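This report describes a protein model with a ligand. Please look at the sequence and the 3D view before reading on.

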Amino acid sequence: MLTTYLKILNDHYQALNNEGKDVIQGLTQTPKSLPPKYFYDDRGSELFEQICELPEYYPTRTEAWILRQHADEIAQITGACELVELGSGSSTKTRFLLDAYQKIPRSCKYIPVDVSEGILKSSVLQLQQKYAQLSIEGLIGTYEQALAKLESISVPSRMIFFLGSSIGNFTAQECNRFLRQIARTLKTGDYFLLGIDLQKPKDILEAAYNDSQGVTAAFNLNMLSHLNWRFQGNFDLNLFTHEAIYNQAQTQIEMYLHCLESHWVSLETLNVNVFFEVGESILTEISRKFDLVTIQKELELQGLKTLKIWTDPNQWFGLILCQA
Ligand code: AVJ
């Protein structure tokens, strides 16, 4: 059927939108931090695909297992609708859902949203082969940009889904703001399907983010390469090292790049020079681990009522279907 792409983020728009302001802000504050969305240039998206295959990284396969068990039920409950996926990446797990929606009478439209143009285009191409009757419209841009765009387009029925526990990248405050925007993009009766990683022992969590093959380390360091090409930077990847720790009090994984030697870094197109002290760290990601009761309350607060919750036998991962 139909395949179209909309690149929300064009160069002109980027200039107007102060692209990179968040980078300047993160690097000039103490302690330093960077937004996790900068992981996902094409190389970063590839590395993330490799992470999903790691023996230590349980979330992807656990969520895929839950989706496989319940995709038909989800499609039954919602019926035909516009399927919007935020952070679709390779859309691998999504296939369980698309398989299920293919079995129901009316045809659906799939709208994958991703910041990484390379992975979005290659995955849409592959999906097109397998799901010939599905209409696909890829959106290249951030969640916020895509939701703002979709808010202005009214459809009979819509389900937004956000898998892989990517919601864990948000602080509690950012999470509420994000859920508010989700609720705004849905009409009464529409659906939101959310995948969340659940709290579990520290050793399992830390192993998942410090894998023995060093793929997560490469993924973390790749953010600096991304900033180098995007903003004409001169980060030396040899001067930083990866670490992930589980902060029990905050129930979140924290990923850091620790600086090994004092030095200056410049990002030319952003017009900034940043000094790094030996031993200083950049927080590149938080990955919050949830409990089902709390997240349900947060959803409810934004008018998203839980219809159904599924998990795996270990209760390591949860999938929540909500209705607006
Ligand atoms: C894509 C944000 C869900 O937090 O587990 C994986 C990213 N970082 N390994 C996660 C990630 C390091 C992942 N999310």
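The sections below go from the whole chain to single residues.

## Basis of the report

This is a predicted model, in which local features need pLDDT of at least 70 and side-chain atom pairs count only at pLDDT 80 or more, while totals for chains, interfaces and linings use all residues. Residues are numbered from 1 along each chain as its sequence is written.

## Overall form

The protein has 11 helices and 14 strands. These elements are DSSP runs numbered from the N terminus: helices are H or I runs of at least four residues, and strands are E runs of at least two. The C-alpha trace spans about 60 × 45 × 35 Å along its principal axes.

The radius of gyration of the protein is 20 Å, which agrees with the value near 20 Å for a compact globule of 324 residues. This radius is taken over C-alpha atoms, and the globule rule is 2.2 Å times the number of residues to the power 0.38.

## Burial and contacts

Of the 324 residues, 40% count as buried. A residue is buried if 20 or more other C-beta atoms lie within 10 Å of its own, exposed if 12 or fewer, and partly exposed in between, with C-beta atoms placed from the backbone.

Two residues are in contact if their C-beta atoms, placed from the backbone, lie within 7 Å. Among contacts with a separation of 6 or more, 76% join residues 24 or more positions apart.

## Helix α7

Helix α7 covers residues 143–151, and its buried residues are Y143, A146, L147 and L150. They lie on the same side of α7 because they cover an arc of only 95° around the axis. The arc is that of the directions from the helix axis to the C-beta atoms. The cover over these buried residues includes β3 (82–86), β4 (109–114), β5 (135–140) and α8 (172–185).

## Around the ligand

The residues around the ligand include I51, P59, S165, Y209 and E285. A residue counts as near if its C-beta atom, placed from the backbone, lies within 6 Å of the molecule. By class, the shell has 3 nonpolar, 7 polar and 1 charged residues. Ala, Val, Leu, Ile, Met, Phe, Trp, Tyr, Cys and Pro count as nonpolar, Asp, Glu, Lys and Arg as charged, and the others, Gly among them, as polar.

## Backbone details

S165 is in the loop between β6 (158–162) and α8. Its phi is near 65°, a positive value in a residue other than glycine. S165 counts as buried because it has 21 C-beta neighbours inside 10 Å.

Q232, in the loop between α10 (215–231) and β8 (240–247), has a positive phi near 50°. Q232 is exposed, with 12 other C-beta atoms within 10 Å.
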